[in-house]
Amino acid sequence: MREPVLEVKGLETVFKTEEGSVPAVNGLDFSLYEGETLGIVGESGCGKSVAALSIMGLIPSPPGRVAAGQIMYRGEDLLGFSEERMRRIRGNQISMIFQEPMTALNPVYTVGNQIEETFRQHRNMSKQEAFQKSVQMLELVGIPLPEQRAGEYPHQLSGGMRQRVMIAMALACRPDVLIADEPTTALDVTIQAQILNLMKDLKKQFGTTIMLITHDLGVVAETAANVIVMYAGEAVEYAGVEDLFNAPRHPYTEGLLGSIPKIDESCEMLTTIEGVVPSLMDMPEGCRFHPRCHYKKELCTQKAPPLVESGASRVKCFKYTDQWPHRNRRTISP
Amino acid sequence: MKKGHKQKSQSFYALAFRRFKKNKLALWGVFVLLSLIASAIFAPLIAPYDPYMSVRNDKGMLDILSPPSSAHFLGTDSVGRDVASRLIYAGRVSLSVGVVAVSISIVIGTVLGSLAGFFGRWVDSVIMRGVDVVICFPVLFLIITISTLLKPSIYTTMIVIGLVSWTNTARLVRGEILKVREFEFVESSRALGARNGRIIFRHILPNIMAPIVVQATLQTAQAILIEASLSFLGVGVQQPIPSWGNMLNEAMSLTILAFKPMIWFSPGIAIVITVLSINFIGDGLRDALDPKLGNN
């Protein structure tokens with residue numbers, strides 16, 4: 001059995017608001033194995049990004065706080081690290097890229113300069129050496145004329161180029177783990193494909209472990225090996241990417257897949273999941289998904305479902321437990 | 001390749017400089033200010049007389065309050081010193097007081113404003129309440145008190161002006177930092193392992209240089225005016241060191257005010273020209289650095 005690089009256990013991140021504490025992430029568990037790509041999917045506000053920031057130790061505090069859980073990185077709990085130790089890990093062992101390539105680069109410095117900074121911070125390189133390394137990084141992420149581009153400012157580059165620069169910055173120190181928070185959301189489709197391919201290539205080259213946060217199931221299908229589906233601060237399904245698409249277990253996953261328009265069918269109305277995500281302030285009793293669930297039973301409104309194994313997946317739903325009435329007649333395909 | 005690099009990289013400041021060059025009024029301001037600075041620096045070469053020495057006329061008497069003539073083109077003052085020479089030397093004092101006082105106030109204001117804006121919470125509360133307190137002081141009265149207690153001199157004048165005028169900068173910087181610290185590149189540099197100090201000084205401050213530069217320019221004009229008022233009131237730069245303010249002081253005498261206009265008129269005009277040209281530069285900088293205001 002391989003040791004996981006990163007292991008998150010029972011992560012709970014709460015935000016204090018005027019109306020009380022709001023758990024943005026509520027008991028998230030997962031393991032990230034060396035060289036794996038893990039996709040985390042879920043709609044806006046389900047806690048994906050908060051989970052990522054918790055791992056980086058970048059939750060704005062106050063109002064945010066990691067209230068419980070462990071984040072084990074190579075056997076050590078990151079939550080116990082001092083700020084200075086955490087700082088040395090960020091960008092060096094665990095790196096993150098952000099959604100908005102438009103604003104994630106500092107407009108007053110050339111891109112070369114910004115990549116150099118990562119080197120100078122973690123590697124104590126001379127200016128000269130850092131510059132050469134930056135040019136190499138730019139070349140590596142597929143930017144043509146890297147030497148010239150290094151001297152340009154972010155506003156002179158296109159969105160896709162900037163995202164490449166971001167990736168170059170994040171991978172400059174060859175981190176173990178790369179957390180990509182919706183890296184392709186702000187890009188148009190052809191550029192998205194290029195960036196995803198680039199990430200796949202670099203992953204192969206460096207053996208980087210990637211945690212890919214997205215709300216785009218297409219991106220997940222393209223890149224991830226394993227997937228976590230999050231809903232309202234909880235992970236509701238853990239599955240291999242094939243299982244997820246062929247045999248979604250959780251009704252929410254089913255709904256998500258059902259809402260993707262099919263290329264070979266014409267339809268008047270797009271399928272949606274009825275209802276809205278409940279407010280974190282006002283979570284329904286029992287299963288958090290029950291107000292929107294087709295399969296809802298009495299049981300679901302009373303108790304939170306346990307995490308149970310179903311095939312190769314794990315899912316948080318009563319449908320797969322013994323408590324479910326008419327267990328024999330369950331249907332799996334959407 | 002090297003050449004392409006040179007052509008293509010238009011930094012923010014290069015673009016701003018190009019916009020600035022289009023502003024005629026500001027260019028005039030720069031021209032006038034540069035001449036004033038040059039005359040201040042090369043005062044010993046330019047000034048026709050020693051500003052501290054009384055001159056005697058051919059009868060061997062002190063040549064006091066003489067009208068403009070070919071020898072003294074702005075005349076002499078009440079103790080017989082050449083007004084033109086004193087005016088040139090006074091430029092040294094006034095400009096350096098302006099620059100030093102503003103440097104002090106900009107440094108204090110920027111540091112405190114950055115801390116308040118970046119760290120927020122109690123740091124912010126403490127600093128901003130401090131700002132409120134300083135703003136509440138009756139400035140002129142405070143300056144008079146301090147500079148009297150500290151023995152008035154050119155240095156106390158610089159320090160005192162610096163110490164009371166940082167509040168605007170602090171507020172401005174705090175506001176700008178509150179805005180910029182929410183940009184994603186700040187979070188991104190933190191995610192790449194940058195320290196707080198590095199984030200503030202390397203990532204945030206360069207992004208708000210534009211308003212700070214404008215503020216500094218306009219405040220220089222303000223500081224020169226305050227210095228003039230202080231010296232006029234006798235608590236700033238002390239005689240015999242000439243400053244435009246204490247030269248104006250002579251206008252307190254009714255005879256001089258009424259019959260020897262050149263003595264107070266010339267320092268008055270010097271102040272007006274200096275302040276105006278600095279203000280024009282400030283406005284020009286603001287327009288150039290903030291393309292959104294654009295007037296083209």
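This is a predicted model: local features need pLDDT of at least 70, side-chain atom pairs count only at pLDDT 80 or more; totals for chains, interfaces and linings use all residues.
**Salt bridges**

Side chains of opposite charge can pair when their charged atoms come close. Over all chains, the count of salt bridges comes to 20.

| Salt bridge | N to O distance |
|---|---|
| A:Lys48 and A:Glu182 | 3.2 Å |
| A:Glu83 and A:Arg90 | 3.4 Å |
| A:Glu84 and A:Arg87 | 3.1 Å |

A:Lys48 counts as buried because its relative accessibility is 4%, under the 20% cut-off. A:Glu182 has a relative accessible area of 7%, so A:Glu182 is buried.

In the pair of A:Glu83 and A:Arg90, the side chains meet at 3.4 Å, N to O. A:Glu83 has a relative accessibility of 52% and therefore counts as exposed, the cut-off being over 50%. A:Arg90, with a relative accessible area of 2%, is buried.

A:Glu84 and A:Arg87 are three residues apart in helix α2 (residues 83-89) of chain A, so about one helical turn separates them. A:Glu84 is partly exposed, at a relative accessible area of 33%, whereas A:Arg87 is buried, at 5%. Salt bridges with shared partners join A:Glu84, A:Arg87, A:Arg88 and B:Arg195 into one network.

**The largest pocket**

Rolling a probe the size of a water molecule over the atoms shows where empty space is left. In this model, the largest pocket has a volume of about 1200 Å³. Its lining is made up of 42 residues, and those closest to the centre of the pocket are A:Leu58, A:Ile59, A:Pro60, A:Ser61 and B:Arg190.

Which elements give two or more residues to the lining of the largest pocket? From chain A they are α1, β4 (64-73) and α2. From chain B they are α5 (83-119), α6 (121-136), α10 (184-191) and α11 (196-204).

By residue type, the lining of the largest pocket divides into 23 nonpolar, seven polar and 12 charged residues.

Notes: Residues are numbered from 1 along each chain as its sequence is written. Chains are lettered from A and ligands numbered from 1 in the order in which they are written. Side-chain values use heavy atoms; hydrogens and water are left out. A salt bridge is a side-chain nitrogen of Lys or Arg within 4 Å of a carboxyl oxygen of Asp or Glu. Buried means under 20% relative accessible area, exposed over 50%, partly exposed in between (1.4 Å probe, protein chains only). Helices (H or I, at least four residues) and strands (E, at least two) are DSSP runs, numbered from the N terminus. On a 1 Å grid over the protein atoms alone, a cavity is a set of points where a 1.4 Å probe fits but cannot get out, and a pocket is an open set with protein on both sides within 12 Å along at least five of seven lines; lining residues have an atom within 4 Å of a point. Grid points are joined across faces, edges and corners, and a volume is the space filled by probe spheres set on the points. Ala, Val, Leu, Ile, Met, Phe, Trp, Tyr, Cys and Pro count as nonpolar, Asp, Glu, Lys and Arg as charged, and the others, Gly among them, as polar.
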